[in-house]
Amino acid sequence: MSVQQICENIYTFAIVLPDNPLKWLNCYVIKSGAEGRNLLIDTGFKRRECLEPLLEGIKELGLMPENTDVFISHAHSDHAGNAGALEKLGFRIMMGKVDYDAMLSPYWDRRKKRVISEGMPGTVAEEVMDRNPAKNFVSDPFEPIFLYDGDLLEYGGYSLRCIVTPGHTPGHICLYDETKKLIFLGDHVLFDISPNIN
């Protein structure tokens, strides 16, 4: 495990995404010291290969359920997949209401109907959907604290404003500290691929 400090009170470590072209997820942690709560941002797929490094990073940074909240930037399973596992361990989970509702909707049925309507043969659509890691590694059920546009989160000396940035998902949320000019983007901006507008 290679945890790196990248800013005052901010750390990151990679969670490998096996058999996926994205290769890894950057998990971020804001530490608040002995008296405050910490914030962990995003969790990786619901796979043993993702959960193990997530738990290692949590352990290395001294995070515990009683002093750490988990923020899920958006509904995709490479970011939200281990939310249910962390909730079972006692961590408090937070995410946008819009994306949480989207996770519960019959998204994959709608997506399959759409690609069929656009010309993909039904058998191919079925096979593609059945092999999609975004569908196969979704989180176990969890009950988050809901976040909305403009909500303010305070961790480790940072005042992080929730900014809803629909596009990659219907309710994707970025966290922005205006004073420090620091933003956590989730998948709103990606380094060399399209953020796949849905």
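A: What follows is a short chat about salt bridges in this predicted model.

Q: How many salt bridges does the structure hold?
A: There are nine of them.

Q: OK, which residue does R37 form a salt bridge with?
A: Its partner is D69, and the closest N and O atoms sit 2.7 Å apart.

Q: Is D69 buried or exposed?
A: D69 is buried, at a relative accessible area of 0%. R37 is partly exposed, with 27%.

Q: And what about D69 and R92, how far apart are the closest N and O atoms there?
A: They're 2.8 Å apart, and that pair is a salt bridge too. D69 lies in strand β5 and R92 in strand β6 (residues 92-96), so this bridge ties together parts 23 residues apart in sequence. R92 comes out as partly exposed, with 37% relative accessibility.

Q: Which residues end up in one network, then?
A: R37, D69 and R92 do, joined by salt bridges that share partners.

Q: Switching topic: what does E49 form a salt bridge with?
A: That's R47, with 3.1 Å between the closest N and O atoms.

Q: Why does R47 count as buried?
A: Because its relative accessible area is 15%, and buried means under 20%. E49 is at 32%, so E49 counts as partly exposed.

Notes. Residues are numbered from 1 along each chain as its sequence is written. This is a predicted model: local features need pLDDT of at least 70, side-chain atom pairs count only at pLDDT 80 or more; totals for chains, interfaces and linings use all residues. Side-chain values use heavy atoms; hydrogens and water are left out. A salt bridge is a side-chain nitrogen of Lys or Arg within 4 Å of a carboxyl oxygen of Asp or Glu. Buried means under 20% relative accessible area, exposed over 50%, partly exposed in between (1.4 Å probe, protein chains only). Helices (H or I, at least four residues) and strands (E, at least two) are DSSP runs, numbered from the N terminus.
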